[in-house]
Structure formats: structure tokens, C-alpha cells
Protein chains: 2
Amino acid sequence: MSVADKPRRGRGRPSGGSGGEDTAALIVGAARAEFAAQGYDGASMRGIARAAGVDPALVHHYFKGKEALFVAAMQLPFNPADVLPTVLAGAAGPDEVADRMIRFIFSIWRDADTRAPFLGLLRSATNSEIGAEMMRSFISTALFARVAEHLPPAPDLGLRINLAAAHIVGVALMRYVVRVEPLASAPEDEVIARVTPAIRGYFSGAGPG
Amino acid sequence: MSVADKPRRGRGRPSGGSGGEDTAALIVGAARAEFAAQGYDGASMRGIARAAGVDPALVHHYFKGKEALFVAAMQLPFNPADVLPTVLAGAAGPDEVADRMIRFIFSIWRDADTRAPFLGLLRSATNSEIGAEMMRSFISTALFARVAEHLPPAPDLGLRINLAAAHIVGVALMRYVVRVEPLASAPEDEVIARVTPAIRGYFSGAGPG
């Protein structure tokens, strides 16, 4: 899973001279304000261009879409659109999707630098309704919908992905941030082995008994 | 589980005249500062008395122990020492402990007033190392150790309780605070039915496959 450990920053933004950097920074600043004010769903590339005082075409020149702009605005270490397809490529079924997602999420939360922006998002979401709104639809559309593409379609698939993600992130939070014992000191392979049955259960759709 | 929905505040503190209230408030203020500075393990009834400038016997007069003082300092809506034995009384085995804990934790997080102080603790824990330290040993000693008393002893019991709690709290956070869909709008009974197998698995100690 080393592909996911240290993804590069700034995907979707072509490297350029300092003029380009200034323009990109201006757009990112406007985007941050728009996402905070409107939420992820409410913000638009056009509205962000207006707030930045630039032509919408320029926003599209620097950022391939709203998701890439959100990733830049929140300083996330990677764009899920770039990384998740690699993480999940060729997974042979729900069990393998489960195993890869557990290791991928742990790899993000294990490292203080990589988890910091995600922890920042989670803090925003727990501090205010607008913070929650900002995060809510991003994780649904950018993260969960992309995991769903690798699982058999089912009416309850969205709910099962929510529960699996809540479980993995809950464990990562208690292990790496709150550092509750004995969870914090348990070997990672043991923790992974113990959460795997529950996550496979959610991803495979084996319903409650 | 209605017993847990709206527990009374201020247990362990006898009602008294305004002089007593002032003294109690003084002690609680000192306790808050001591817990923030020393963490739950590092703070002591004696140190809190010293910080408040009162006799240790007076602290013991108002609060039956460090846990009751922490509950008052963090403005938690109840003392786990009072409530958990009632919630878990007579549970017929690990499955019933699992079922009761899920409903109990959901009942706390469902209501904005009841969850606010717990969300505050979680925010502290994610904002700083000292915040994490403050919460960490309280939840281990006041919450998890008390759940463990109702489950068959085993070397890995502590780890399994950590994982179960991380799962339930992760789901409560995503459902009631971040309000990710479809989890936020799913009927509570359906969500409970879906997380029950995983939590029963942790509490019963059915190891990973």
C-alpha cells in the first residue's frame, strides 16, 4: 500500500511561474471561503471564480474540477479521485476491497503529517453545522461513491459503506489520536486482523442476523 | 433504556446553601485547571484542594472521588459510575451487554444536549496531546473498566472493548454530528440491527477468522 503513504500534493494544478502560483493561491483562498460559507454542495466553480475576481475559465485551467479545488483548499495530502482507483484497482471482491481500505485508512492516520488535514476536516465537522455540511457531501461524493464502484450494487450499499468507514475512522481516531490503551500499543497487524471481519461483513452485505 | 436518557446532574455533590455552592464551584474550577494541566491520571484530589486553596477534606466532602470531580469539571450529564451499573445490571451475557451498550451510547449521542459535553471531550482529545491525555485514562478507567466487569475475563478483553467503543462512537459521530447520508436518515432500529453483529463479535470474543 506504499502508493498511498505519501501521495504528491497539488495534483490538478499545472506547475508554472510565480504569476501562476499567485493566481492559483488567490483561487484557493476564494475557494476556502466559498466552501466554508456554502458547503461543498453549495459552492460552484463559477461562484469561486466570481469571489476570486477571475474568469471561470482560469479556475478550470488551474483545477480540473470542484473536487480538486476542495482538496487544494483543505490542504488534503492527495485527491481521492487520483488515489482511490489505484488503491482499489483489481480488487478481487468485497473482502479484498475491505482489506485494502483498512490498510489505506490506517496508513493515512498512522502518520501525523498525513492525518493532520483529515483531522482538521473532522474537527470542522464537529465544531459547527457549516463545518459538517462542508465535509459531509465531499466524503459522500468523493470518497464513498468511489468505493461503491468497486462493490456489487445493492440498495443498502451506501449505508454499509458509511458504517464501515465510521468503524475504521473511529478505530484510527482512538488508536492514533486519543491513543486509548491497549488499542494504541497493539501491533497494527493484530488490530487489522480484529477489525477485518466486521468491515468484510459490511462490504459483503452479509445482513444482520 | 430511558434511565440513561436524562440522568441528573451533580451527583456526589450534596445540595446546600449558596456558600456551599460557591465552594463547590471553586473546587470545580480548580479541578478543571488541574485536569487540563496534569491529565486525568496526573491530577489528584490533594493537588486540586491545594490549587483551590481549601482543605482536602472539603474536596472529599463535596465530591466522592476524582471521577465525580472530573464529571463535574467536564460538565458531563452523568457519572458513568452511577449509570453504567444500572444500564448493564442483569445482562445475561456478552450479546446482551453489546445490545445495551449500543442503545445506551446512541441515546447519549442522539440528543444534542446530552452529547455536547462528550463531543467537547472528543474535541479536546483531537486538539492537543494534553486534551487526549485528559480523556484517555478517564475513558479507560471510568468507562471501559466498568464494562469489562460485565464480560468474561480474557487477556484480549480490553482491546475488544476499545474496538467496540470506537465502532459505536464512530457511527454515532457520523450519524448525529457529521450527518453523512444515508446513515443520518436511516431508522435507528435499522442502524442498531446492522452494527449489532460486529459489536457482539467484539464482546463475545469470537476471534478474527
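**Reading the boundary between two domains**

Reader: How many salt bridges are counted between domain 1 of chain A and domain 2 of chain A?

Author: This is a predicted model, and between domain 1 of chain A and domain 2 of chain A the count is two salt bridges. A salt bridge pairs a side-chain nitrogen of Lys or Arg with a carboxyl oxygen of Asp or Glu within 4 Å. One such pair is formed by A:Lys64 and A:Asp82, whose closest N and O atoms are 3.2 Å apart.

Reader: Which elements give two or more residues to the side of domain 1 of chain A that touches domain 2 of chain A?

Author: On that side of domain 1, the elements giving two or more residues are α2 (18-42) and α5 (66-73) of chain A. The largest share comes from α2(A), which supplies seven residues. Sorted by class, this side of domain 1 has six nonpolar, two polar and four charged residues.

Reader: Where do the two domains lie in the chain, and what separates their centres?

Author: The domain assignment of chain A places domain 1 at 9-73 and domain 2 at 80-204, and their centres, taken over C-alpha atoms, are separated by 26 Å.

Reader: How many residues are in contact, and what area do the domains bury between them?

Author: Twelve residues of domain 1 of chain A are in contact with twelve residues of domain 2 of chain A. Between them the two domains bury about 1000 Å², with 61% of that area on carbon and sulfur atoms. Turning to polar contact, the count between these domains is four residue pairs, both residues being at pLDDT 80 or more.

Notes: Residues are numbered from 1 along each chain as its sequence is written. Chains are lettered from A and ligands numbered from 1 in the order in which they are written. This is a predicted model: local features need pLDDT of at least 70, side-chain atom pairs count only at pLDDT 80 or more; totals for chains, interfaces and linings use all residues. Side-chain values use heavy atoms; hydrogens and water are left out. Domain bounds come from an automatic or database domain assignment. Contact means heavy atoms within 4.5 Å. Buried area is the accessible area (1.4 Å probe) that two parts lose on being put together, summed over both. A polar contact is a pair of N or O atoms within 3.5 Å; within protein, one must be able to donate a hydrogen and the other to accept it, and residues adjacent in sequence count only if both atoms are side-chain atoms. Helices (H or I, at least four residues) and strands (E, at least two) are DSSP runs, numbered from the N terminus. Ala, Val, Leu, Ile, Met, Phe, Trp, Tyr, Cys and Pro count as nonpolar, Asp, Glu, Lys and Arg as charged, and the others, Gly among them, as polar.
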